[in-house]
Amino acid sequence: MPVFEQGYAPYDGPRRPLSKRWWPVFREEVQPYLRKRRFLFLLILALLPWAWGILLTFFHTQLGDSENVKAFIAELPKVDESLVAVLLGNFYNLFLLTIVSIWVGSGLVARDRRDGTLAVFLGRALGPLQYLWAKGAALGFFLLVFSLLPVLVLVIFQVGLTGEPAWLWEHARVLWGSALFTLLGPFTLVLFLLALSSMGRSPRLVGLTFFGIVFLGPAACGILYAITRSPLVWFPSIFTQLKALAELCLGAEVHPGEPGLILPPAATLCFFALLAASSVLVLAARFRGRAVLK
Amino acid sequence: MGAILRVEGAKARYGKLEALRGVSFEVEGGAVGLLGPNGAGKSTLIKAVLGLLPLAQGRIWLMGEDARKLGPALRDRVGYVPEREGTRPGMSGVAWVAFLGEISGLPRSAAVERAHEVLQYVGLGESRYRNVETYSTGMQQRLKLAASLVHDPALVLLDEPTAGMDPVGREEMLDLCGDLVRQGKTLLLSTHILKDVEAVCSRVVILNRGEMLSYATVEDWTRSEAQHFLVQWEGDREAFEAACRKAGVAVSDGHRGLYRVVLPSGESLKVIFGLAQEAGGTVTRLVRESTSLETLFLKALEQNGGGDARV
Amino acid sequence: MIRVQNASRWYGLVVGINRVSLDLEPGVTGLLGVNGAGKSTLLNLMAGLLQPTAGSVTLGGEPIFANPGALARIGYCPGADRFWEDMTGLEFVAFLGRLSGLSPAEATERAGRALQEVALGDEGGKKIRAMSKGMRQKVKMAQALVHDPQILLLDEPLNGMDPPSRAHAIAAIKRWGEEGRCVLVSSHLLHEVEAMTSRILLLHYGRVLASGEVPQVREAIASRPLKVFLRCADARALASVLIAWPTVASVTFAGDGRNLTVEVSDASDFRARLGALLAEREVGLEILNPLDDNLAAVFSYLVA
């Protein structure tokens, strides 16, 4: 019985440049999630409030002329920084963002370590930076759904339905504030999850650890708050910090009426800077020493 | 054509441990075995050739180019069949190999095409659409070989390629290695199984404690001396031994009837058969005695102070 | 000593072994078979880790499963690589010795000796975590020996060992066989099995395909006449003589005209005649080599 029915053929076709090698890793990380119905459902759930925001836009721009509804529409929230701050920083959005982070983020590096495939990838012409970029971009891709992407869609609807870019100049902060929020918030989370994932070999354990940090942390802070009544105890709570970041970037309160920014802005910025810096340090230590291959 | 691989004065360390202490050799082509006791530096050398471990001193040239200058691109020209590393469950054989091909630079369609080709080549044609976690050990090894070939490297590094394979699978794997050599690929085969090296390689690098003890060729381990023979004897052993001694034929080592025989110079093998008739038994096998790779290897270790042998 | 009588072990639809009967005798026996043939199942049954779904696996008339008396006489070196990594080699072997009923002092002493026996004397004090694969294998072999069992079951014991250690282990296994112990060694490397013993047990999809001494098994494969390779200066003359013999089925030339491959229907008759012929006639013989009475050939004829 012949072992090889077809001889070996050499390859002399084109090869992609080294800088593009991250793309297949990114694609293979993202595709399986896009095929899962439950995951897509989660994304749709996250977009529902934004659908409400688009509906508001529609009301404000198209129906403002009719007398019957004028009064009704005047009562509705305006489409401005305040609305976006609410949509970004409310518990519902942040909660779903965290769920998706755990779902996608816990296995980023840990799964490859568990399967023994990390060494296989790094043994190809794919450097650790490209690998991390591909994996981080995969998570970042999904986190955009909870941050910049729906804002962009909302802005497009607003400007498109009125045909005037005037709104845009007036409410420029909506755009750059959201972009800033995305960069400082969700993307720092991406770094954090990459770092966390590189330390473990079990995606479940990594996910559980992140879950503990995100959900049990605030619980502990809550207890401390009840005791000390000092707003600074909320420093390590990721939910509070993300909410504060939204308020900071958009200059509006997430819960109008309630005192916003219970933490000083410096504390929020410090938190995310610390989170990003420590994540980068962990990643550098793991990947440079090749300890991550063990 | 110049050497495919050239290592010069390679020194490498893990922290304080000196894993390689100045190894130098050149591979023009064909298959080279990499032997050594545990901890000799074999995997360190492989990692260095792959560019995954920076050398503290020394250089490595791949097809005439300095490995340092090539950077990650050097791994486009080298294939690696690791001993342990795995596959991603949930992907089929083709999907996995094509994925790795893409990472090594092949455009998507070319990667898929090549994946099919190499899987057919290694004999996994029928299992290509099955998920990799359903593959047996032998199939996994062949899958790793396919993955190492998808980007058509000139040099393939194999780490224990027949590990865990049954005799049938082993033979097929070694046949594949032999065929790769015939196709013009250069192989560096690191293994503990000397028979594998004897089957495939034309040269061996013997390492111990980070140093290269010897760079031997196949002639060195198939050398035989004139008038030295191995005789398999069936019958009365004492009678045979006595008859040999009487005829002035040196005989030794009667374990299970396999004797080492040294004929006086000028004598032909007819003598042995005459003695066999005299002793009333039969000679079932008669071959020239030659050294083996095992003897060569153990001798090299012994001369170097035993290596890890006691451990 | 261990008697397997019509034993079967199924895992649902998957066959482990199927109606296997054998007696494990003193000396070394090689256990061969492709992956999935049932070698590990058989070893686990003999080591008392599994119960047969049908038939019996007994030692001295008593089933081995959950039988401390039987288990005390059996040493098992499993294929899996699982240890308490924080123990040293000596501690590990001594601990397992104690599990076999030795007193603490005895266990430590015997552990030391067992480690010496497998050439891990100096390095036995290292933590297992720090040991190479080959050293771990030796620890496994030592723990199988520590309670001085009559029966040794070794599942791929040489896996991961470097060539010097392999040579040492093969010699040790041969020695244990010569001491009168029943040693059953499972391995894929046929040339190493041949170095240890000429008695084999070949499994194939759960059934015994062949058992006994390799030469006898070879002769029992009647469908394949023995092939003998001859190389001599005067090949043509020799060929014309050989072809006339009734036990010679065919003679083929190859190579530079000096190589003969002879197919023989009766091996012993052929050898006797050839011996007589070569004793009185000078043919410039260089090589006489039966090609397929070795284990590799037997294996491939039966399995592949």
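In chain B, the centres of domain 1 and domain 2, taken over C-alpha atoms, are separated by 44 Å. Domain 1 of chain B covers 5–221 and domain 2 covers 225–290, the bounds coming from an automatic or database domain assignment. This is a predicted model, in which local features need pLDDT of at least 70 and side-chain atom pairs count only at pLDDT 80 or more, while totals for chains, interfaces and linings use all residues. Residues are numbered from 1 along each chain as its sequence is written, with chains lettered from A and ligands numbered from 1 in the order in which they are written.

Chain B contains an open, mixed sheet of 6 strands in the order 6-7-8-3-9-10. Helices (H or I, at least four residues) and strands (E, at least two) are DSSP runs, numbered from the N terminus, and two strands pair if DSSP finds at least two bridges between them. Strand 6 (78–81) and strand 10 (211–217) of chain B are the edge strands, each pairing on one side only. Strand 6 of chain B runs parallel to strand 7 (residues 155–159) of chain B and is joined to that strand by 4 bridges; B:Y80 stands opposite B:L157 in strand 7 of chain B.

C:D148, in the loop between helix 5 (133–145) and strand 7 (151–155) of chain C, has a positive phi near 50° although the residue is not a glycine. C:Y205, in the loop between strand 9 (199–204) and strand 10 (207–213) of chain C, likewise has a positive phi, of about 50°.
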